[in-house]
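Subject: Structure for your review

Dear colleague,

Please find the structure below.

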Amino acid sequence: MITCIDPRVEPATILGVELGEAITLRNAGGRFVTRFDYDDKTIADLAVVEPAEALRNDVGLLRRSPQLSSHVKVSGHRYDLKTGLLTTLVD
């Protein structure tokens, strides 16, 4: 799971994942960014202005990655802190 570092969200609990079932990578914005994405950009360029669009872009990037097995399912979800609802944006 790639997820936001926000301490108000515990992804394993939200998704019902048990200890040892998944690796969780937590970073600012829950973005999947490769080291090459930083070459010509500033931190402001990497800011998430439109979360749904950023999520769709990151899922597409992961799905196209030759390093990721085609057997791995990649999807994108958004968790609403106010309602507690998890919405699938990219399935």
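Is Glu10 buried, exposed or partly exposed? With a relative accessible area of 41%, Glu10 is partly exposed; buried means under 20% relative accessible area, exposed over 50%, and partly exposed in between (1.4 Å probe, protein chains only).

Please note that this is a predicted model, in which local features need pLDDT of at least 70 and side-chain atom pairs count only at pLDDT 80 or more, while totals for chains, interfaces and linings use all residues. Residues are numbered from 1 along each chain as its sequence is written, and side-chain values use heavy atoms, with hydrogens and water left out.

Overall, the chain has 3 helices and 4 strands, in the order β-α-β-α-α-β-β from the N terminus. Helices (H or I, at least four residues) and strands (E, at least two) are DSSP runs, numbered from the N terminus. Of its 91 residues, 19% count as buried.

Salt bridges

A salt bridge is a side-chain nitrogen of Lys or Arg within 4 Å of a carboxyl oxygen of Asp or Glu; the count comes to 4. In one of them, Glu10 is joined to Arg26, with the closest N and O atoms 3.6 Å apart. This pair links distant parts of the chain, since Arg26 lies in strand β2 (residues 25-27) and Glu10 in the loop between β1 and α1 (11-15), 16 residues apart. Arg26 is partly exposed, at 26%.

A second pair is Asp58 and Arg31 (2.7 Å, N to O). Asp58 belongs to helix α3 and Arg31 to the loop between β2 and α2 (43-46), 27 residues apart. Both residues are buried.

Arg8 and Asp6 also form a salt bridge, at 2.6 Å between the closest N and O atoms. Here Arg8 is exposed, at 61%, whereas Asp6 is buried, at 15%.

Helix α3

The buried residues of α3 include Ala52, Ala54, Val59 and Leu62. Among the elements that cover them are β1 (2-4), β3 and β4, where contact means heavy atoms within 4.5 Å.

Strand β3 (residues 76-79) pairs with strand β4 (residues 86-90) in the antiparallel sense over 4 bridges; two strands pair if DSSP finds at least two bridges between them. Gly76 stands opposite Val90. There are 6 residues between the strands, and Gly84 takes a positive phi near 80 degrees.

Yours sincerely
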